[in-house]
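Please work through the exercises below with the sequence and the model at hand. Each task is followed by a solution in steps.

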Amino acid sequence: MTRILIIEDEATIAQLEKDYFELNGFAVDICHTGSEGLGQALEGDYNLIIVDLQLPGIDGFELCRRIREAKEVPIFIVSAKKEEIDKLRAFNLGADDYITKPFSPSELVARAKAHLTRYERMLSKLEPMEKHELQIRGVHIDKNSRRVFVRNHEVLFTAREFDVLVFLASHPNRVFSKDDLFERVWGMDSSGDIATVTVHIRKIREKLESDPSNPQYIETVWGAGYRFTV
């Protein structure tokens, strides 16, 4: 059974989320403090972790950072903080999605299912090895082992950064808008928050490019989107 951890200090909200997920067949645990949530997240085997930002003990930003350092599990932020800077900070720390309060529990479940379905598909439907290696101008991407080598040195990518890189590199010289990438990589339509696309492109460039301010691999096509150039 798919397991979800909810780290939320407001008991009524946590219970509401729990009820909706359980109605959809998920097993759910709840923690009400950041410290308790961190321990549970690191010790437990969860498919998805939902984090509030304003938590007693360890706040949600620090919680997200420390979970992401240890695990590739999808992390959702559900918070009353609506400022763009808060969303960008969360994405920079490794969050996969950001939903603001008040929220629709049905939408939360739907977005969780989309993330989980895509992640499971990625793990279960592997093709032969020869189709899972990409070699582009000094960049070697091994999709089976999910490893990236840049000029013969291994560079670590988060799960979502790797997904974005593989998608663009698998469609060389084609331009994809932020909406396209959000739909194709995150598995949701553009009604979601696409600010995460910009954040992930920037972080990929920092790891891939010799000079991120003058990218040679992932180029910006102004007014249109991004293109992986070969």
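The model is predicted, so local features require pLDDT of at least 70 and side-chain atom pairs pLDDT 80 or more, whereas totals for chains, interfaces and linings use all residues. Residues are numbered from 1 along each chain as its sequence is written, and side-chain values use heavy atoms, with hydrogens and water left out.

**Exercise 1. Strand E3 and its partners**

Task: Determine how E3 pairs with E1 and with E4, and state which way the side chains of E3 point.

Solution. 
Step 1. Helices (H or I, at least four residues) and strands (E, at least two) are DSSP runs, numbered from the N terminus. Two strands pair if DSSP finds at least two bridges between them.
Step 2. E1 and E3 are joined in the parallel sense by four bridges. Within this pairing, isoleucine 4 has leucine 48 of E3 as its bridge partner.
Step 3. With strand E4 (residues 75–79), E3 again pairs in the parallel sense, over three bridges. Here valine 51 stands opposite isoleucine 77 of E4.
Step 4. In a regular strand the side chains alternate between the two faces of the sheet. In E3, Leu48 and Ile50 point one way, Ile49 and Val51 the other way, and all are buried. Buried means under 20% relative accessible area, exposed over 50%, and partly exposed in between (1.4 Å probe, protein chains only).
Step 5. Together, E3, H3 and E4 form a right-handed β-α-β unit. Right-handed means that, with the strands pointing away from the viewer, the path from the first strand over the helix to the second runs clockwise.

**Exercise 2. Buried faces of H2 and H3**

Task: Identify the buried residues of H2 and of H3, and find what packs against them.

Solution. 
Step 1. Helix H2 (residues 34–43) has Gly34, Gly37, Leu38 and Ala41 buried. Viewed down the axis of H2, these buried residues fall within an arc of 100 degrees, so they line one face of the helix. The arc is that of the directions from the helix axis to the C-beta atoms.
Step 2. The partners of the buried residues of H2 are strand E1 (3–7), strand E2 (27–31), E3 and H3.
Step 3. In H3, the buried residues are Gly60, Phe61, Leu63, Cys64, Ile67 and Arg68. Their arc, seen down the axis of H3, is within 160 degrees, so they too line one face of the helix.
Step 4. The cover over the buried residues of H3 includes E1, H2, E3, E4 and helix H4 (84–92). Glu69 and Ala70 are exposed and lie on the face of H3 turned away from its buried side.

**Exercise 3. Aspartate 52**

Task: Is aspartate 52 buried or exposed, and which residues does it contact?

Solution. 
Step 1. Aspartate 52 sits in the loop between strand E3 (48–51) and helix H3 (60–70).
Step 2. Aspartate 52 counts as buried because its relative accessibility is 3%.
Step 3. Contact means heavy atoms within 4.5 Å. With neighbours within four places in sequence left aside, aspartate 52 contacts Ile7, Glu8, Asp9, Gly60, Val78, Ser79 and Lys101.

**Exercise 4. Helix H6 and its surroundings**

Task: Describe how H6 lies relative to H8 and to the strands that it crosses.

Solution. 
Step 1. The axes of H6 and helix H8 (residues 195–208) come within 10 Å and cross at roughly 80 degrees. This makes H6 roughly perpendicular to H8, a term for angles of 65 to 115 degrees. Axes are lines fitted to C-alpha atoms, for helices over the stretch in contact, and angles run from 0 to 180 degrees between N-to-C directions.
Step 2. H6 contributes Arg160, Glu161, Val164, Leu165 and Leu168 to the contact, and the residues from H8 include His200, Ile201 and Ile204.
Step 3. Helix H6 (residues 159–170) lies across E10, E11 and E12, at about 70 degrees to E12. Those three strands form an open antiparallel sheet in the order E10-E12-E11.
Step 4. H6 also lies across E6, E7 and E8, at about 110 degrees to E7. The open sheet concerned has four strands in the order E6-E7-E8-E9, with antiparallel pairing.

**Exercise 5. Arginine 184**

Task: Where does arginine 184 lie, and which residues are in contact with it?

Solution. 
Step 1. Arginine 184 belongs to helix H7 (residues 178–186). Its relative accessibility of 43% is why arginine 184 counts as partly exposed.
Step 2. Apart from neighbours within four places in sequence, arginine 184 contacts Arg118, Phe167, His171 and Phe176.
Step 3. Arginine 184 and phenylalanine 167 are 17 residues apart along the chain, and their C-alpha atoms are separated by 8.3 Å.

Methods: Parallel < 35°, antiparallel > 145°, perpendicular 65-115°, else oblique.
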